[in-house]
Amino acid sequence: MAIKHNQQLPNNHFRKDWQRRVRTHFDQPGKKVSRRDARRVKAAAVAPRPIDKLRPIVRCPTIKYNRRVRLGRGFTLAELKAANISRHYAPTIGIAVDHRRQNLSEESIVGNVERLKEYMSRLIVFPRKSNNLKKGDSPKEDHKAETLTRLPTTVPVASGFSEIKKSDVPKPVEGGAYVALRQARANARYAGAREKRARDAADAEAAKK
């Protein structure tokens with residue numbers, strides 16, 4: 001049925017030159033080779049240092065994913081202080097620092113401090129001049145040890161949760177967890193009113209006597 005009067009045409013976007021706006025990835029195999037070569041060049045340029053930095057283990061946000069753990073942006077200042085590492089010295093030895101992140105649990109700070117201590121126990125610090133060792137540099141016999149290019153191979157990310165036996169699973173709450181939580185919430189909410197009602201009733205009984 002034809003449109004009557006001078007009305008606007010439907011805005012269905014059929015008049016664009018869409019073929020000019022299609023993005024193709026025909027260079028994907030070549031880019032894969034280019035990225036691999038770039039990683040090799042970077043590893044050779046920063047050798048014997050690894051090409052990545054040590055990062056903390058953090059939990060994923062939201063209730064849906066908070067069972068999982070992943071690598072974070074950097075260690076907090078509290079974690080560095082607990083591991084006895086200066087915030088200015090940490091970036092110079094390959095430790096990422098994030099001054100904005102905060103620790104919300106004792107579990108996270110303990111785990112990341114242990115991660116820092118393990119890293120420091122394996123760290124080999126080469127002197128700026130081979131004949132002039134300074135404080136904090138590793139002894140000469142450690143300079144010939146094998147070095148790594150990737151840190152996740154030595155300090156991996158541990159699993160976010162552990163498995164337990166079926167017999168260790170706690171028994172379900174009688175009547176259901178939802179009902180128990182609602183009842184506890186109601187008891188906490190009306191505790192003051194119920195106490196006042198009981199006091200008034202006791203005072204009324206005392207007044208009758």
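**View 1. Asp-52 in the loop between α1 and β1.** In this predicted model, Asp-52 is placed in the loop that runs between α1 (28-46) and β1 (57-59). Although Asp-52 belongs to a loop, the residue is buried, because its relative accessible area is 19% and the limit for that class is under 20%. When residues up to four places away in sequence are left out of the count, Asp-52 touches Thr-149, Arg-150, Leu-151 and Pro-152.

**View 2. The largest nonpolar core and the surroundings of Ile-85.** The largest nonpolar core is made up of 14 residues, and those with the most contacts inside it are Leu-54, Phe-75, Leu-80, Ile-85, Ile-95 and Leu-116. Helix α4, which covers residues 106-122, gives the most to this core and supplies four residues.

**View 3. The salt bridge between Arg-59 and Glu-107.** A search of the whole structure finds six salt bridges, and one of them joins the side chains of Arg-59 and Glu-107, with a distance of 3.6 Å from N to O. This pair links distant parts of the chain, since Arg-59 lies in strand β1 and Glu-107 in helix α4, 48 residues apart. Arg-59 counts as partly exposed at 36% relative accessibility, whereas Glu-107, at 56%, counts as exposed.

**View 4. The salt bridge between Glu-79 and Arg-101.** The side chains of Glu-79 and Arg-101 meet in a salt bridge, for which the N to O distance is 2.9 Å. Here too the pair links distant parts of the chain, with Glu-79 in helix α3 (residues 77-82) and Arg-101 in the loop between α3 and α4, 22 residues apart. Glu-79 is buried, with a relative accessible area of 0%, and Arg-101 is likewise buried, with a value of 18%.

**View 5. The salt bridge between Glu-118 and Arg-122.** Within helix α4, Glu-118 and Arg-122 lie four residues apart, which is about one turn of the helix. Their side chains meet in a salt bridge at 3.2 Å, N to O. Glu-118 counts as partly exposed at 31% relative accessibility, and Arg-122 is also partly exposed, with a relative accessible area of 48%.

Notes
Residues are numbered from 1 along each chain as its sequence is written. This is a predicted model: local features need pLDDT of at least 70, side-chain atom pairs count only at pLDDT 80 or more; totals for chains, interfaces and linings use all residues. Side-chain values use heavy atoms; hydrogens and water are left out. A nonpolar core is a set of buried Ala, Val, Leu, Ile, Met, Phe, Trp, Tyr and Cys residues joined through side-chain atoms within 4.5 Å. Buried means under 20% relative accessible area, exposed over 50%, partly exposed in between (1.4 Å probe, protein chains only). Helices (H or I, at least four residues) and strands (E, at least two) are DSSP runs, numbered from the N terminus. Contact means heavy atoms within 4.5 Å. A salt bridge is a side-chain nitrogen of Lys or Arg within 4 Å of a carboxyl oxygen of Asp or Glu.
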